[in-house]
Amino acid sequence: MTARWPADPSHIAQATERLRGGAVIAFPTDTLYAVGCRAADQAAVRRLYEIKRRPTTQPNVLLVHDRAQVDRVAFVDARAASLIERYWPGPLTLVLPAKFSRPLVGRIGEAVPETVAVRSPNHLVALALLEGLDEPIMSSSANRAAERPPVDVGDVIAGLGDDLDIVLDGGPCQIGEPSTIFDLTVNPPRILRQGAIPAAELIRG
């Protein structure tokens, strides 16, 4: 049965340890509730895809605490660095060239070599998990594929039931819509998903 915990420091610390042990959990971000696991734990990643009922050819996002965690997994050029400085933490997902292959991360966009999508969420709970874990969390919205993304913990439980190990209850999400996905691996860069940040603002910048 899925444990529903308050998103206080003690339970966040416990959830971090469960992530290290292979758990798949749900937690609040600034945009939507997310479901996630250690990106480096391939067994947990496979389970995340099974819970989502999502084809493994479709990529998820790596949530990161800061630029230092991005540098471990992706190449960051001057434009990416400028966008990170301006918009993170916040509702902007950047698609960047991956430093090495991650079998179940998948591809976004058309660039070769393999690409990876990264975001730093502007939410104390998500950032505390990422800081405590000290590595990226593979993440997606906490709903089945093609279903409505959740903005509060009740939606998460109604949609994913007992498939998760833990749900951290941090109240309703502030933004309530997905992040904007901006692909910097193609020229010119392009918007792959319009979200909380207007496309014109990113392309102009």
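Trainee: What do the buried residues of H4 pack against?

Mentor: First, the ground rules. This is a predicted model, where local features need pLDDT of at least 70, side-chain atom pairs count only at pLDDT 80 or more, and totals for chains, interfaces and linings use all residues. Residues are numbered from 1 along each chain as its sequence is written, and side-chain values use heavy atoms, with hydrogens and water left out. Helices (H or I, at least four residues) and strands (E, at least two) are DSSP runs, numbered from the N terminus. Contact means heavy atoms within 4.5 Å. Here, the partners of H4's buried residues are helix H3 (67-73), strand E5 (92-97), strand E9 (180-183) and helix H7 (199-204).

Trainee: Which residues of H4 are buried?

Mentor: Buried means under 20% relative accessible area, exposed over 50%, and partly exposed in between (1.4 Å probe, protein chains only). In H4 (residues 78-87), the buried ones are Ala80, Leu83, Ile84 and Tyr87.

Trainee: Why do they line one face of the helix?

Mentor: An α-helix has 3.6 residues a turn, so residues three or four places apart point the same way. Viewed down the axis of H4, the buried residues fall within an arc of 100 degrees, so they line one face. That arc is taken from the directions from the helix axis to the C-beta atoms. The face turned away from the buried side carries exposed Ala78, Glu85 and Arg86.

Trainee: Which residue caps the N-terminal end of H4?

Mentor: Look for a polar contact: a pair of N or O atoms within 3.5 Å; within protein, one must be able to donate a hydrogen and the other to accept it, and residues adjacent in sequence count only if both atoms are side-chain atoms. Asp77 is the cap, with a side-chain oxygen 3.2 Å from the backbone nitrogen of Arg79.

Trainee: How many residues does the largest nonpolar core have?

Mentor: In soluble globular proteins, nonpolar side chains tend to be buried together. A nonpolar core is a set of buried Ala, Val, Leu, Ile, Met, Phe, Trp, Tyr and Cys residues joined through side-chain atoms within 4.5 Å. The largest here has 40 residues, and Trp88 and Leu92 are among those with the most contacts inside it. Helix H2 (42-52) is one of the elements that supply at least two residues of this core. H2 gives the most, with five residues.

Trainee: Where is Ser139 found?

Mentor: Ser139 is in strand E7 (residues 137-141). Ser139 is buried, at 6% relative accessible area. A polar atom of its side chain lies 3.4 Å from the backbone oxygen of Val35.
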